[in-house]
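Welcome! Let us take a friendly walk through this structure, one chain at a time.

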Amino acid sequence: MLSNLGNILLFVNVILCFGIIYNANKSLKTSSNLINKNIFQLSLIQSTLIIICFFTLIAAFIISDFSLVTVYQNSHSLKPLFYKIAGTWGNHEGSLLLWAIILTIFSFLFLIYNKDHPKKFRLLTLIIQNILILGFLFFILFNSNPFSSLSPIPTEGLGLNPILQDPALAIHPPLLYVGFVGSSIYFSAAIASLISNYTEKSFSYSIKNWVLISWCFQTLGILVGSIWAYYELGWGGFWFWDPVENASLLPWFSMTALFHSLIVFEKRNIFYFWVIILCLITFILSVTGTFLVRSGILNSVHTFASDPSRGLYILLFLSLMIFSSIFLLFKKYKNEDYKLNQNSKETFILINNWFMMFYLITVLLGTIYPIFTDALTDHKISVGPPFYNTIILPVVIIFLLFMAVGPKAKWIKNKFKNIKIYFFILLASFGLNFLIIFFFKSYSVLSNLILISAIFLILSSLIDLTSAIKKNKFDLARIISHASFGFLVLFIGLNNIFTIEKDYNIKLGETKKFENYSIKLQNLEVKNFKNYQAVIGEIEIKNDNLNRSNILKPEIRIYDNPRTLTYEASIKTSISKDYYLTMSNIDRSDYYNIKFQKKPLMMWIWVSVIMIVFGGFLRLFINAKHN
Amino acid sequence: MQNTIKIIIFLIFFFIISVFYISLTRETNYDTSNLINKKIPEFKVIYADESGFYTRDDLKKNDFTLINFWASWCAPCKVEHPILMRLSKSKKLKILGVNFKDKDKQAKKFLSDLGNPYDFLAKDINGKQSVSLGIYGIPESILINNELLIMKKFVGPLSSDDYNKIEELIK
Amino acid sequence: MKLKIILIFLLTNAQFLLAAEKKIDPNEIHKNLRCLVCQGQSISDSNSDFAQTIKLVVKDLIKEGKTEKEIYSFMSDKYGEWIIFKPQLNIHNSLLWFLPYIILILGGFFLFNLIKKRQ
């Protein structure tokens with residue numbers, strides 16, 4: 001019954017899409033300035049029905065209705081309720097329904113929140129967005145239907161994969177989708193703006209907050225994914241430059257470039273076509289990322305199960321999007337006439353965009369290059385962290401300096417009032433860096449430069465803050481986000497430089513020593529839980545100098561349905577550092593392999609990203625208040 | 001926008017989409033079976049009875065050698081064993097078995113239960129010699145001629161197809 | 001006076017900059033090798049049998065006095081370039097390594113011209 005209900009709702013939504021497109025098209029041709037009321041009604045019904053459809057799927061997961069193939073493949077009656085619900089979007093078919101919901105809801109909200117904008121523009125945005133929705137609904141109905149049924153109905157489901165049962169992983173997709181799926185709305189708006197020649201700066205007001213919202217959630221989604229990787233995957237890292245991670249980072253770069261360029265467009269009504277290009281690129285990258293992840297052409301830790309027919313459909317959708325965008329752009333492109341001073345805020349924002357495009361192309365190149373060499377030369381290569389770190393890190397050094405100086409530039413023509421202050425900040429940065437080297441240990445030239453730049457950004461943001469408080473006129477959101485970015489680079493840098501990793505093969509009762517630490521495998525315990533058996537190691541980490549010890553308990557878990565082995569890291573977090581320990585058994589011996597890591601300032605990395613997002617939300621709040 | 005720029009942009013996107021399309025039909029799983037037609041690297045494995053070592057130079061004495069990595073604890077090795085028994089009848093082909101990360105007692109039992117196809121039997125207790133030969137999972141087999149050239153690599157258990165291929169190659 | 005302060009800072013920092021030397025670190029090598037039987041993990045992160053064997057071999061190679069480059073060359077010789085996470089600098093990969101910086105520089109020129117034109 002749920003299967004039928006879901007299918008009917010999907011089908012009705014397809015009809016509604018056609019209805020909206022038809023009515024919107026009709027309304028375009030009338031001379032009235034108002035949008036026909038029934039368009040709003042159709043849109044509202046469309047949103048309501050897709051939400052009900054989504055809840056239908058959730059209900060199927062909650063009651064474990066195994067007549068639905070998706071529920072059968074991805075759920076199990078013994079799964080805790082929270083994970084049954086999260087399992088709805090944790091699989092390919094269900095996540096497409098999440099795509100559909102966000103596309104639809106954003107379509108409706110954009111329509112009702114943009115009453116001050118030209119009718120033609122709003123209707124065209126609605127039409128384009130509905131074409132996108134149709135594309136995904138067809139994909140769902142004809143290729144990846146979460147409501148497709150199974151007969152005879154199995155008595156139990158297959159999906160009890162323990163690695164996927166984690167709170168961070170549960171909210172990771174919804175957060176990320178509000179990000180990059182949400183970028184669809186300004187893709188549609190950009191196309192609508194081109195067609196309807198809505199090139200005035202008021203265009204930026206229509207999409208400004210949407211860009212911010214999608215950026216904030218994209219950042220949060222990436223953060224949560226990294227936190228999950230750190231706590232769950234057991235290698236103590238949070239970013240691996242894995243193709244799937246890169247797929248979420250690519251739209252982030254263009255979103256960042258976009259909202260910076262929007263500031264210029266809004267203020268001076270220039271760079272219109274560049275803003276349009278960025279709007280188009282962001283969603284195109286989102287769909288490209290989806291293609292790379294779900295088509296199976298990439299080899300990654302995170303891949304969903306793959307199916308070439310999915311890949312083919314998404315590629316077709318992507319091609320249509322790309323070619324219609326570039327044809328429209330070619331047709332509508334006009335050379336803009338404006339004056340630009342080399343020393344001005346506009347120039348600094350262009351510089352930001354220049355760097356963002358560099359990061360974007362580097363990550364894109366690294367991700368798809370193996371695909372190209374394999375397809376063209378039948379030669380498989382790997383592009384991993386060493387590539388990205390080598391190329392990107394040196395550039396970040398200069399980027400941070402620009403981030404510090406740029407925001408203070410004035411519009412049109414800037415004159416740096418107090419150059420001396422930058423000089424002192426730079427000296428202070430060198431000084432602080434020197435102190436770190438002096439008290440701890442020295443490190444590579446590259447690390448030195450990165451830390452100095454990061455400290456420069458932080459200090460100059462703090463000075464901004466104090467001088468702005470005095471004048472009572474400040475851009476708190478920007479200061480918080482830029483400073484937090486500086487902190488992020490600083491903490492990642494320090495964490496990287498001062499992390500200690502030790503790999504030992506150890507027997508019960510043995511102690512290993514290094515520097516001023518002793519590690520002892522004190523105890524091994526076997527415990528039985530509801531759906532797994534755990535071998536719990538009790539390991540004492542003792543700081544011999546301070547005579548302080550910590551007990552960490554990593555686990556080896558043996559699940560029986562499906563039969564998998566997982567390694568649960570034991571992590572002890574404190575303000576100054578994390579202790580991170582994983583344990584695995586060595587086959588055919590009574591030795592255990594333990595990996596111990598001392599990771600300084602780990603939690604501050606998460607805090608920095610949260611503060612970056614906080615700045616974004618603050619800006620959003622201020623924007624909303626001004627309207 | 002000048003026409004040349006438009007054409008270039010169009011071609012770049014067309015190229016990218018085409019490559020994506022081509023890759024949809026390709027195999028993404030990597031294996032080393034393409035690393036052939038090179039000389040086999042130096043290696044040195046100890047005989048199972050510890051009476052000496054078998055090294056790369058010893059391969060020159062045989063017309064063709066099949067180096068087969070196996071273990072008693074490996075289920076697919078049992079599956080491919082009959083094929084090895086058939087191959088052991090060939091006069092031109094000598095089989096060097098390398099017992100991988102195993103215990104002597106279990107290895108001997110395996111061979112006495114299922115038959116011993118190996119002309120030479122060696123062992124690699126810690127697995128380090130397997131790395132010299134580019135082995136990453138067992139069972140894995142390498143076919144070499146007397147000029148020390150790797151003719152073919154078989155990753156995973158040998159199938160009947162593989163048996164036919166080997167018979168073809170050693171004619 | 002200011003110049004002297006700058007010089008002192010640079011010199012004291014430089015002393016420590018140069019002091020950080022490069023010693024062969026097995027962990028770094030493990031991180032740069034791919035575990036062939038895992039899904040995208042490195043030898044350092046993997047608990048698999050294969051990873052453990054590779055770690056032993058790397059340990060031996062370091063003891064023999066091999067440099068990092070020689071160890072990577074040893075591994076890619078046996079297992080193909082796929083096992084090394086850092087793409088090797090050869091004709092195939094030159095586009096990968098150079099294109100980002102070429103684009104950075106080209107972008108810079110483009111911006112420079114744009115600003116000059118618009119003064």
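Of the contacts in chain B with a separation of 6 or more, what percentage is accounted for by residues 24 or more positions apart? The figure is 76%, where a contact means that two C-beta atoms, placed from the backbone, lie within 7 Å.

A word on conventions: this is a predicted model, in which local features need pLDDT of at least 70, side-chain atom pairs count only at pLDDT 80 or more, and totals for chains, interfaces and linings use all residues. Residues are numbered from 1 along each chain as its sequence is written, while chains are lettered from A and ligands numbered from 1 in the order in which they are written.

Chain B has five helices and seven strands; helices are DSSP runs of H or I with at least four residues, and strands are runs of E with at least two, numbered from the N terminus. Starting at the N terminus, the order is α-β-β-β-α-β-α-β-α-β-β-α. The radius of gyration of chain B, taken over C-alpha atoms, is 21 Å, well over the 16 Å of the globule rule for 171 residues, so chain B is more spread out than a compact globule. That rule is 2.2 Å times the number of residues to the power 0.38. Along the principal axes, the C-alpha atoms of chain B fill a box of roughly 80 × 35 × 30 Å.

| Domain of chain A | Residues |
|---|---|
| domain 1 | 1-165 |
| domain 2 | 178-417 |
| domain 3 | 500-603 |

The C-alpha centres of domain 1 and domain 2 of chain A lie 26 Å apart.

Definitions and conventions:
Domains from an automatic or database assignment.
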